[in-house]
Amino acid sequence: MKKFNIRKVLDGLTAASSSSSTTAQPGTPRENDVVQETLQSEHFQLCKTVRHGFPYQPSSMAFDPVQKILAVGTQTGALRLFGRAGVECYCQHESGAAVIQLQFLINEGALVSALADDSIHLWNLRQKIPAILHSLKFNRERITYCHLPFQSKWLYIGSERGNIHIVNVESFTLSGYVIMWNKAIELSTKTHPGPVVHISDNPMDEGKLLIGFECGVVVLWDLKSKKADYRYNYDEAIHSVAWHHEGKQFVCSHSDGTLTTWNIRAPAKPAQIITPHGKQPKDGKKPEPCKPILKVEYKTTRAGDPFMVLSGGLSYDTVGRRACLTVMHGKSTAVLEMDYPIVDFITLCETPYPNDFQEPYAVVVLLEKDLVVIDLGQIGYPIFESPYPLSIHESPVTCCEYFADCPSELIPALYSVGSRQKRQGYSKKEWPISGGNWGQGTQTYPEIIITGHADGSIKFWDASALMLQVLYKLKTAKVFERARGKEEKPSTDIVDEDPFAIQTLFWCPESRMLCVAGVSAHVIIYRFSKQEATTEVVQLLEVRMQCEFSEADSPDPGGEQTPTLPTSAASSSPQEAEPPNQLTAGVNSSEGARDNIPCLQVRSSPLKQSPGYQVELVVQLVWVSGEPPQQITSLAVNSSFGLVVFGNSNGLAVVDYVQKTLLLNLGTSELYSPSDPCQRQPRSPRKPRQPSGGFCDSNDGSNNSEDRCKSPTSGSTSPYNSDDERKQNFIEKAKMSRKISSSGEQKLDLDGKDNAFTRSRSSSVTSIDRESREAISSFYFCESFPRKSGSLASPCLLVGTTQGSVMMVALSLQPGGDQKLQQPLSFASCGTLVHLKGGILTMALLDAAGTMLPPSCEAWYDPNASDEEKEKEKTRRRRPATPPSSQEGQDSQFAVLCSEKQANVVAMPSQTSIYKHNITETSFVLRADVVQMAGAYCIACFCANGHIMTLSLPSLRPLLDINYLPLTDMRIARTFCFSNLGQALYLTSPTEIQRITYSQETCDNLQEMLSELFTPVETPEAPNRGFFKGLFGGGAQSLDREDLFGETAAGKASRSLAQHIPGPGSMEGMKGAASGVVGDLARARVALDERGQKLGELEERTAAMMASAESFSKHAHDMMVKYKDKKWYQL
């Protein structure tokens, strides 16, 4: 987590200026002086804030039993640290190598990480953003295992060659003391013992080191005499070793599913051999071999039997059985099934001292896609309820939206209905990973994140104060009938998997209306209610949207005005028909093609709806003459008018969700007026295209952009090198994924195959037809001037298309009241407002002062409340603002339009373009939003080339341009979204959300807002040795490792063995670490004080000698004077 410095900002500006035309084109000086803009580039800075979710591809884990902090390492070199709820931290090793092992310096605020590239690193956790203090890179040895004894500064490192090296963690230098493999094993052994798989010191004698080799040999090494005391041999390979706390026994887990228990003074044979999951034959033979036991832990208790916890070891005949954790306690054995394979586990104990009764109370199990904590203190071993947001990937995320500074009553309302959804049966104890402290930031506004998933579920998250907590989960699939088996799977599906996946969603925080569109061409409208309701019949509206192109050159009507009118059976698009053997009986038309049937079947039985979001209406697009409906590409809701509008590559439809009727069904071509110069006349797609279009195929009917494949200057194909071609190909896919994300691609994301794309059957159109399609890409309800130079604003709908056209549709309707139920609603297309390069991404409306005019909406009321309560709510409903009037010849509004290539500001009602800005020429914008920042508004853009930009409004001055990501991927392209107050997020991996800020104020306050990992805690007292043990020499034996491993005794290690690399730890981190084991500065200061003290003593001694010399000189002078004149005989 690092801030971007000014050098990177300048680099980003240079890169942007060299690749695109960024010159704004202001209009007349009169408009230029209308709005006083307050946003400056000083208001913007980009930095990462926090990362939420489950660590992607975890590989290792460690726990500090005193600080109560959990660390998880991943295969991509990431470190995730967890404390109490809301205390999380993310760090990254620069090399990106897998983290193979983690070791805490217990209660010292430091962590050692060992990586697959044979490097070890010391992390300082005493600062809010941890940093590396030291690194050591081994050149000739491969690291396989590390061990750091409690309260020791000497780290043992085992290697693939079987050797053990020792590192001083204070200075990160190698000791000259080395345990060579050929000295450790017996001389008679002719084969290499293999890599070191275990190192630990005897809990009762620090001078004895237990070394486990992969081949099955275990050696008890005497550090002082530098020789092996005992050697223990077993035929099967070793995976792990665990000590009994008294240091007299240890247990080994083996590759054949056995556990061997050894007495340290009896190396001839194991004291006990058991196979926990092996079937015991009656004839006394060996049990059948089982799968390897990958790890075992042996923990003792004062009052009862010890616990033995192990992973793996199942019988080979349990094919298809899920991974299990086995807990053996006394005579009972519990097998706990896990949902995913086990990566690692740690038993949490009451004491950090290995030579005391361990008193285990929980087991932390790290799975491939989950983290589970098991309570060992309750019968049945229940799990703890996790306070972390680790379920983001419960089903793959298909879309997400971010709402900052939303109404304050929303989070309590969502929490109250979501709290009833919680599972039962959790442990009643507190979450055991409870370290750290929350940040003290001043950022208090409510934030909500909404994620849509492949299984049709939608999750609402509380994202306030840099935390993340799930509030409420909605399952949209409940509305539909589910196929009970593959043989019953309806052939009307247009996607192979996940037919309920969320395509896009629209949420109005004020009215709490929610509208979602799924990949099976369905739209569901939800209302929020605090009361339970039972819907006898789910309201369904079927809409027939027809392709606007016909085989002949004559225009096609483009769709029917009502969903029940018959339509010609002949397909107007040259789409590939499905094979006859896939047709379903009973739903086919006379010609044998599927017609007028939806992709999913709405449930016919009564639907019990819990408090929360409840279905108001389901809208489904139907098959037309054997052609599947096209997936929905854009969506908008207006609660004041009771309307939902959605569009795809065929056109748009407007539905009144109050009256449950279809009001408008238009083909895209019908939005253009006959005299419109931007009109695309419907024609046969088989005819050659007119050269003036300049659009390139983007592999999907809903995605077209201009000039993406051509040089911005000459129009000819530009000569890309191999990297450019690869990047261009990637950008094509990223754009396609942003517009229509198929569920098939989501499945590939979890496997890490982001560059693959599975197209649904709804896209089975020819490339010629794809180029001819113009899809609806954006909607915006507003109160504006539908007619040029009009004087009175009225309800309007702005429509943006994938080919850059922005059209305005006038709505003649009465918002609210009973008049709406009596008067018919009418629509009038007003033609093209403006035409931009690339597809339209976002639209907004500003008033004359530059303030955003949001779409009108009504305040929320409970649809299931009593009539009296409804009347009270109606009196408090928010009315649409009075339509602004415009004096003749004076503009009072600004329409803000942003496409994949350009941004444009149009003055209304004169419809003159007063500002225009070319955002990029060589790339295209993936996401753009009009957001509020520091009391003003701006456009925030995220480009496919990784640049994040902001433009002022209305003048479109560039305020920020940073090359944030060197090359994005399709997951980021699909999930990136901006929000108000400088917040943004994206899915950085299939399981993690990365939040970033582009606000200078948030960056400045980030240190205060972040949580603290390290808190001062007293280390527990060491166990009492007892009177008799102290008297007769029992108990733990200490060892002065400095005498053994220090440079004086052991000498220096070979310089070529490892290279020391100073870490980039900041001065703040050095100050924080000064009081711990890793306090280099403290030791230097102490040494300096000692040196000064010795110099002072030397000075005092010198002064005393000088005084003594002066005294001697004086006495000598007196003696000389006394005897000066005397003769020798007078003496």
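The model is predicted, so local features need pLDDT of at least 70 and side-chain atom pairs count only at pLDDT 80 or more, whereas totals for chains, interfaces and linings use all residues. Residues are numbered from 1 along each chain as its sequence is written, and side-chain values use heavy atoms, with hydrogens and water left out.

The secondary structure comprises 17 helices and 61 strands (DSSP runs numbered from the N terminus, with helices being H or I of at least four residues and strands E of at least two). Of the 1131 residues, 56% are buried (under 20% relative accessible area, with exposed over 50% and partly exposed in between, for a 1.4 Å probe and protein chains only). The accessible surface is about 49,000 Å², and carbon and sulfur atoms hold 51% of that surface (Shrake-Rupley method with a 1.4 Å probe; for residues, only the protein chains shown count as cover). Among contacts with a separation of 6 or more, 61% link residues 24 or more positions apart (a contact means heavy atoms within 4.5 Å).

Helix α4 spans residues 410-418, and its buried residues are L410, I411, A413, L414, V417 and G418. These residues lie on the same side of α4, because they cover an arc of only 165° around the axis (taken from the directions from the helix axis to the C-beta atoms). What do the buried residues of α4 pack against? Their partners are the strands β30 (447-453), β31 (457-462), β32 (469-475), β33 (502-508), β35 (522-529) and β39 (612-621).

Strand β24 (residues 324-329) is largely enclosed by the rest of the structure, since five of its six residues are buried. Strand β23 (residues 307-312) runs antiparallel to β24 and is joined to β24 by five bridges (strands pair if DSSP finds at least two bridges between them). In this pairing, L310 has T326 of β24 as its bridge partner. Strand β25 (residues 332-337) also pairs with β24 in the antiparallel sense, over six bridges, and L325 is bridged to L336 of β25. Two residues lie between the strands in the hairpin of β24 and β25, where G330 takes a positive phi near 65°.

Turning to the cysteines, the structure holds zero disulfides (pairs of cysteine sulfur atoms within 2.5 Å). C857 is buried at a relative accessible area of 6%, and C1003 is buried at 0%.
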